[in-house]
Amino acid sequence: MSDYGSTPPPPPPGGGSGNDGGSTPPPPPSGGGYDGGSYGAPPPPSGGYGGAPAGPPPSNNLVLAILGLLCCWPLGIPAVVFAAQVNGKWNAGDQAGAVEAAAKAKKFATIALVLGIIATLIYVVLIFAGVLSSDTSTTGM
Amino acid sequence: MIQTSLQSSTPLLADPSVGRGRRLLWPAVSAAGATGFVLVAHLLDPNQPGNYPTCPWLLLTGTFCPGCGTLRATHALSNGDVLEALHRNPLAVATFVVLVLGFARWTRRQWRGERRMTAAPAWLLYGLFWVIMAFWVLRNVPGWTWLSPE
């Protein structure tokens with residue numbers, strides 16, 4: 001690798017000055033010497049910053065959050081935002097932050113879903129009680 | 001803990017004591033639920049009034065939420081009418097495609113006993129969020145019914 005890394009000295013352009021200082025001494029010793037014991041490259045990918053931690057990422061509860069968004073948007077919006085934060089923090093190497101955001105997303109989404117289900121049940125009961133008419137022209141969903 | 005100490009480029013196996021049948025339980029439940037949803041939407045036509053109650057959101061606010069038209073889009077898809085489905089709710093159709101692809105990946109992982117080792121980039125999720133919110137607003141713009149379910 002170190003051999004190919006240095007560009008071969010270009011042939012003298014004109015051919016007039018064969019052995020003068022125009023052709024700079026090729027730099028292989030400096031480049032190749034360092035590359036042999038290269039410690040610089042490997043650490044960044046496996047290190048703390050920038051890389052995702054090893055192991056499986058936490059579930060971001062995004063599907064739950066989107067369902068919560070449709071049930072009750074004031075709680076569903078923070079749920080989706082927290083779900084997105086899970087992946088952002090995980091991919092940046094913040095394992096604890098990702099787990100925390102996942103828990104928040106789940107909490108908001110669950111509350112939104114429960115509220116939505118309760119509202120739907122009340123709604124269905126009202127329809128069966130005849131308070132609301134069910135055959136409006138549009139069916140919504 | 002154990003997973004983080006092992007460093008491997010290949011996906012790690014899930015708990016080997018959990019058998020394949022148990023691993024495939026939730027994919028099977030999801031598939032059954034989706035099939036039931038499509039069957040109901042196919043057999044009980046949402047285009048006829050009275051078959052389903054009006055969405056509470058639509059009843060209360062008079063506006064369309066991002067899910068509005070999903071039943072009718074599903075009904076159209078079950079009849080093979082993609083254009084009609086896109087007309088009713090294009091976001092729902094796109095969501096179905098993503099869900100089917102995700103289901104395939106999930107089921108394959110569960111079948112092989114692998115763990116998910118990657119997390120989608122965060123901008124994709126934020127983008128999805130803004131797409132949903134924009135869709136919500138745009139389909140309620142007065143006089144512009146291009147994205148409306150009607």
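Visitor: Let's start with helix 5 of chain B. Is helix 5 (residues 70-78) of chain B mostly covered or mostly open?
Guide: Keep in mind that this is a predicted model. In it, helix 5 of chain B is mostly covered. Eight of its nine residues are buried.
Visitor: Which residues in helix 5 of chain B are buried?
Guide: The run goes B:Thr70, B:Leu71, B:Arg72, B:Ala73, B:Thr74, B:His75, B:Ala76 and B:Leu77.
Visitor: And what covers the buried residues of helix 5 of chain B?
Guide: The cover includes three helices of chain B: helix 3 (25-43), helix 6 (82-88) and helix 7 (90-112).
Visitor: What about B:Gly80, which follows helix 5 of chain B?
Guide: B:Gly80 has a positive phi, near 80 degrees.
Visitor: New topic. How many residues of chain B are in contact with chain A?
Guide: 30 residues of chain B are in contact with 30 residues of chain A. On the chain B side, helix 1 (2-5), helix 4 (56-61), helix 5 and helix 8 (122-138) each give two or more residues.
Visitor: Which of them gives the most?
Guide: Helix 8 of chain B does, with five residues.
Visitor: How do the residues on that side of chain B divide into nonpolar, polar and charged?
Guide: There are 20 nonpolar, eight polar and two charged.
Visitor: Now chain A. How many helices and strands does chain A have?
Guide: Chain A has six helices and zero strands. Of its 141 residues, 28% are buried.
Visitor: How many of the contacts in chain A join residues at least 24 apart?
Guide: Counting contacts between residues at least 6 apart in sequence, 61% do.

Note on methods:
Residues numbered from 1 in each chain as written. Chains lettered and ligands numbered in written order. Predicted model: local features only at pLDDT ≥ 70, side-chain atom pairs only at ≥ 80, totals over all residues. Buried ≥ 20, exposed ≤ 12 C-beta atoms within 10 Å, placed from the backbone. Helix = DSSP H or I, 4+ residues; strand = E, 2+ residues; numbered from the N terminus. Contact = placed C-beta atoms within 7 Å. Nonpolar A, V, L, I, M, F, W, Y, C, P; charged D, E, K, R; others polar.
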